[in-house]
Amino acid sequence: MLAVVFSLLLTVYLIVPEAIFRTIFGYFIPPRNFVLTRTETAYRAVLVTILPFSLALTASWYAPIVRNWPFPLRENTITVRRSDYKTVVGAMYSDKKFDDTQSQFWPALTRCIRRQGRLALWYFFLVGLEAGLLGWAAANYSRLRNIRAYKWFADRVLFKFISEWHPLLTPYLNFLPGTVVQADVLCTNDVLYQGVVSEYFLQDGKLTGIILHKPRRFERQLYLEAKKDAQKASTAAPDRKQYWVTIPSENLYFFPDKIVNMNLTYLSPPGATADLQVLQDLLKEVLSRSTLDLDRLTVSIPRGPRKK
Amino acid sequence: MVTTLSKIVEMIERGAIPAWVREQVFSNKEEIAQALRENGSYTLTGPNGEEIEIRVEKAVAA
C-alpha cells in the first residue's frame, strides 16, 4: 500500500509539475525546441520543482490565506497534522494498526488529502509561475543578455532547458531584427543544397528533420568540369554563383541520416552592417590589454553599405 | 552533452560579425588603440563603403 502511495506522491509532486513546467515554458520557447532527454528528466524535475515546492510547503504551513484555502480544515494545528499523518502512515503500513485505529483513520485520511490537495494546488501554481518567468527570460535572451546577472543565470540555469539546436537553427540570438538562418546542406549523395531554415524537428534532443525554404541545388559536377576546362584554356575560373539551380519547390525536407554536414550562416537584413553590441564586445576583448577606459567605448554606424 | 549551450551561443555571436570587420579589428588593433588614445575615435571602412565608428569618451575631470 505504501508503495502505491509513494508512486502517487511521486506523480503529483515530481512528474505532474515537470509536465506543467514544460507546457508553460513551451509557450515561450516552442515545445519542440524544448528538450529534456530521459536521463536528465529526473534531475531537471528536481531542479525546477525544488523552489516552488519549498515555497508552497512553507506557505501552506504559515501564510495567512494559503494555510486554509482552498479545502479549509476546522483543526489544522501542528499537533493535529502530525497525529493525522502518523495515523494514516501507520495504518497503511500494518493491517493490525489499521484495525486498531479504523475509527480515527478515515477522518485523518480525509484531512491529509485536503492538506495535500491544498499544498499540491499552490505548488502547481508556483511551478506555473516559475515556468512563465523562466520561459519569458529564456525567450528574451537577445534583449537581456547585456545584463551581467542575467547572462550568468542564463548560462547556468536557463540554457539547461533549451535544446542546443534552437540557437543554431533559428535567429534566437536575433543579432538584428529580420535575421534569417541560411543552411548549406551537403547530402550523402554529394549534392549541396542551400536554403533558409524554416522548420526543424527534434525527438529526444536529436534532429529528426529540417525544412529549407526556397531551396536551390549546386551543380557541382558541371562546375568542376567548367573549372577544369577553364584551367586547360587558361581562362578565368567559372563564377560559382552561376551553378546554383533553383529547385521548383517552396520547401524541401531533409532526413538527418542523409546529411553529411551543414554550414549555417546568419544573414542580416539588407542594409544592416553588424550587431553593435556583439561588435562592442569583440572590441573590448581585442583592446583589453590597452590602457583605454573600455567602459566608455561606444560603436556606431554613421554610414551603411552602398546600394548595388 | 560535450559542449554547453552558452558556448554555442558565444560561438554564434562571434560569427555574427562581418568578416571584413573582424579582419580589420584584428590586423589593426595597435593602430585602433593608438587612434582611440589620441583622437578618441577610429573608423572602420567596409568593402561597400559602410563605416563603423569606434569612440572612447574621455573621462570628465571632477
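Guide: A word on domains before we start: their bounds come from an automatic or database domain assignment. This is a predicted model, in which local features need pLDDT of at least 70 and side-chain atom pairs count only at pLDDT 80 or more, while totals for chains, interfaces and linings use all residues. Residues are numbered from 1 along each chain as its sequence is written, and chains are lettered from A and ligands numbered from 1 in the order in which they are written.

Visitor: OK, which domains does chain A have?
Guide: The assignment gives domain 1 (2–159), domain 2 (176–267) and domain 3 (277–308). Between domain 1 and domain 3 of chain A, the C-alpha centres are 48 Å apart.

Visitor: And chain B, what pattern does it follow along the sequence?
Guide: Chain B reads α-α-α-β-β, with helices (H or I, at least four residues) and strands (E, at least two) taken as DSSP runs numbered from the N terminus.

Visitor: What pLDDT does chain B average?
Guide: The average is 80, and 87% of the residues in chain B score at least 70. pLDDT is the predictor's confidence in each residue, from 0 to 100. For the complex, the predictor gives an ipTM of 0.81 and a pTM of 0.72.

Visitor: Which strand of chain A is joined to β2(B)?
Guide: That is β7 (residues 297–303) of chain A, running antiparallel to β2(B) with 5 bridges. DSSP has to find at least two bridges for strands to pair. A:Ser300 stands opposite B:Glu53 there.

Visitor: Which residues have the most contacts inside the largest nonpolar core?
Guide: They are A:Ala138, A:Leu158 and A:Ile162, in a core of 23 residues. Such a core is a set of buried Ala, Val, Leu, Ile, Met, Phe, Trp, Tyr and Cys residues joined through C-beta atoms within 7 Å. Buried means 20 or more other C-beta atoms within 10 Å of the residue's own, exposed 12 or fewer, partly exposed in between, with C-beta atoms placed from the backbone.

Visitor: Which element gives the largest share?
Guide: α5(A), with 7 residues.
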